[in-house]
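Look at how charged side chains pair up in this protein. The text below takes a few of these pairs in turn.

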Amino acid sequence: MADKEPSTTGGYRARGVSPNTSPQLPLVSVVTAVFNGKHYITGCIESVLQQDYPNVEHIIIDGGSTDGTLDVLRDYTDRVAYWHSERDRGVYDAWNKALQIARGEWICFLGADDEFLPGAISAYMQLAARRPDAEYLSSRERWVHSNGSERIKGAAWSWRRFRRWNCASHVGSMHRRTLFDRLGTYDLSFGSVADYELLLRARDTLRSAYMSTITVMVRAGGMTDSRRALTEATRAKIRTGGRNQLVAMAELCFAQLKYPLRPLRRAFDTIFHLAVFTL
């Protein structure tokens, strides 16, 4: 008899199992896209499982990994809501697929190499309760570089700032489901800044709320930390955000001039970090 083909779909929802949740609390859908991420995906999943908020589903969309990531997902198949593996067109394609599956009133996106900090989702839902009008919630992130440097990033959303640069920390931030009903899904033509472009569609009508709590650890690098992302953000600002083209191009030139200085800034962050923690 031939060996059974390994499963490419799993999770308790795939088996028709309903978890023990608290229906009186809003359901939060955590979405993770992964491709060949076996070294970090366990930490990501565990950071969601260890949250103290009782009404969470974790949906993981894999892009056809070949490095052992699927073995990790199979190990967690009884503890995550849903996972599926097939070739896709990148992170935002995976997110769009997850939006069709997610059942949460609130939806957030956590990278496969990122991790929620303890109490993050509870803090967000407390903010949601205080601001029932809000459709987008953001906080701050601990941005960690491979050289050991760390920075704290993330500011309150405001249209004045957001139309110039992505001031809000997107990782782990919460989107009310009705926001996607209003704005649509992610535009795959913005290969590295589609999350920024989607929120630009709302312009100054976005109803947001912010807390200064650090909710997530983000590993630096990836598609948003590149020159290409600067160019695509400029296209999004002009086409979607209505930014004056000359102003947007001037902002791009300034950002490109600063880009080579990033290693120096990271070196300074490393020295500062070592000085603080060795005193």
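A salt bridge is a side-chain nitrogen of Lys or Arg within 4 Å of a carboxyl oxygen of Asp or Glu. Side chains of opposite charge can pair when their charged atoms come close. This is a predicted model, in which local features need pLDDT of at least 70, side-chain atom pairs count only at pLDDT 80 or more, and totals for chains, interfaces and linings use all residues. Residues are numbered from 1 along each chain as its sequence is written, and side-chain values use heavy atoms, with hydrogens and water left out.

The structure holds 15 salt bridges. One of them joins Arg 207 to Glu 135, at 3.4 Å from N to O. Arg 207 lies in the loop between α7 (194-200) and β10 (208-219), and Glu 135 in the loop between α4 (120-130) and β7 (136-144), so the pair ties together parts that are 72 residues apart in sequence. Helices (H or I, at least four residues) and strands (E, at least two) are DSSP runs, numbered from the N terminus.

How accessible are these two side chains, Arg 207 and Glu 135? Buried means under 20% relative accessible area, exposed over 50%, and partly exposed in between (1.4 Å probe, protein chains only). Arg 207 is partly exposed at 39%, while Glu 135 is buried at 2%.

Arg 228 is exposed, at 53%, whereas Glu 232 is buried, at 8%.
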